[in-house]
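Q: Can we go through this structure together? I'd like to start with how the words get used.

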Amino acid sequence: MQRWTQSLKPLLGMFLQSVCPACQRSTPLELCLDCERQVKRCQLSEPGAGWHAPLPVFAWGEYGGALKRAIATLKYDNQPQLAQPMGRWLAHAWLASPLSQTAVTVVPIPMHAAKRHKRGFDQAELLAETFCGVTGLPLRRQGLERVRATDAQFGLSAAARQQNLAGAFQLGQEFRRYASKTPVLLLDDIYTTGATVNAAAQTLRRHQIRVYGVVAIAKPAFAGSRE
């Protein structure tokens with residue numbers, strides 16, 4: 001019986017393989033090796049290049065090409081499993097940086113409850129779960145709460161972005177009970193102009209919670225520069 005079961009394993013493996021959400025080829029992984037290689041070509045050689053005041057930013061990759069498509073697939077094509085490899089890549093890059101020597105608490109940038117219900121998951125929270133699982137850092141899923149639905153930031157001016165996010169966040173129930181004793185590391189999928197993470201950081205700072213910086217999977221080439 002055991003010999004018969006062993007002989008069927010290769011055949012069963014063929015049928016149990018999932019489909020790569022990016023190219024539709026069979027793969028036992030979240031992404032096939034070819035698509036993973038394409039995404040990894042977007043990895044930044046200096047992810048901490050944007051780590052400077054007023055809000056330091058650490059980003060794994062440049063937002064474009066295969067990485068942009070993978071993030072869109074995660075968010076809009078109902079492929080939450082893609083948060084696992086992305087969270088791992090971000091975590092390994094963070095651990096390789098001297099910035100990781102500081103003790104921090106990770107807080108994902110939350111979605112509004114209505115948007116989360118419609119999508120079925122919060123991608124920043126999923127990324128943070130994997131990131132913390134690899135780094136060993138404490139995770140506070142409800143450190144922040146998004147209390148006001150906001151319009152899409154794309155296409156808005158800098159002033160309109162700030163107005164759009166005014167009052168969007170409040171302290172979450174975890175920090176209302178126990179304020180963080182360590183600095184907070186905010187985590188989001190994409191860092192663009194910084195309007196969203198700055199609004200979140202301001203909410204924490206109003207409650208005397210120090211913000212260490214932001215980690216993100218991707219940022220455009222211009223984001224986080226000193227210009």
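This is a predicted model: local features need pLDDT of at least 70, side-chain atom pairs count only at pLDDT 80 or more; totals for chains, interfaces and linings use all residues.

Q: Then is Cys-32 buried or exposed?
A: Cys-32 is buried, because its relative accessible area is 7%.

Q: New topic: rings. How many aromatic pairs are there?
A: The count comes to five aromatic pairs. One of them is Phe-58 with Trp-94. Their ring centres are 5.1 Å apart and their planes sit at 90°, so the pair is edge-to-face.

Q: Where do those two lie?
A: Phe-58 is in strand S3, residues 57-62, and Trp-94 is in helix H4. The pair therefore ties together parts that are 36 residues apart in sequence. Phe-58 is buried at 1% relative accessibility. Trp-94 is also buried, with a relative accessible area of 1%.

Q: What about Trp-94 and Tyr-212, how do their rings sit?
A: The centres are 6.4 Å apart and the planes are at 85°, so this pair is edge-to-face. It links distant parts of the chain, with Trp-94 in helix H4 and Tyr-212 in strand S8, residues 211-219. They are 118 residues apart. Tyr-212 is buried, at 11% relative accessibility.

Q: Which residues form the aromatic cluster?
A: Trp-51, Phe-58, Trp-94 and Tyr-212 form one cluster.

Q: Now the core. Which residues touch the most other members of the largest nonpolar core?
A: Met-86, Trp-94, Val-106, Phe-131 and Leu-185, out of 39 residues in that core. Several elements each supply at least two residues, including S3, H4 and S8. H4 gives the most, with seven residues.

Q: What does Met-86 touch?
A: Leaving out residues up to four places away in sequence, Met-86 touches Ala-70, Ile-71, Leu-74, Leu-127 and Ile-217. Another core of 23 residues lies apart from the largest one. Val-57, Ile-109, Val-211 and Val-214 are among its members.

Q: Back to H4. Where is His-92, and how far is it from Thr-135?
A: His-92 is in helix H4, residues 83-95. The C-alpha atoms of His-92 and Thr-135 are separated by 7.7 Å, though the two are 43 residues apart along the chain. His-92 counts as partly exposed, because its relative accessibility is 48%.

Q: Last topic, the backbone. Where is the cis peptide bond?
A: It joins Ala-53 and Pro-54, with omega about 5°. Pro-54 is in the loop between H2 and S3.

Q: What is the phi of Gln-24?
A: Positive, about 70°, although Gln-24 is not a glycine. Gln-24 lies in the loop between strands S1 and S2. It counts as exposed, because its relative accessibility is 55%.

Q: And Asn-78, what is its phi?
A: Near 55°, a positive value in a residue other than glycine. Asn-78 is in the loop between H3 and H4. Asn-78 is exposed, with a relative accessible area of 52%.

Notes
Residues are numbered from 1 along each chain as its sequence is written. Side-chain values use heavy atoms; hydrogens and water are left out. Helices (H or I, at least four residues) and strands (E, at least two) are DSSP runs, numbered from the N terminus. Buried means under 20% relative accessible area, exposed over 50%, partly exposed in between (1.4 Å probe, protein chains only). Rings of Phe, Tyr and Trp (its six-membered ring) pair if their centres lie within 6.5 Å; planes under 30 degrees apart count as stacked, over 60 as edge-to-face and the rest as tilted. A nonpolar core is a set of buried Ala, Val, Leu, Ile, Met, Phe, Trp, Tyr and Cys residues joined through side-chain atoms within 4.5 Å. Contact means heavy atoms within 4.5 Å.
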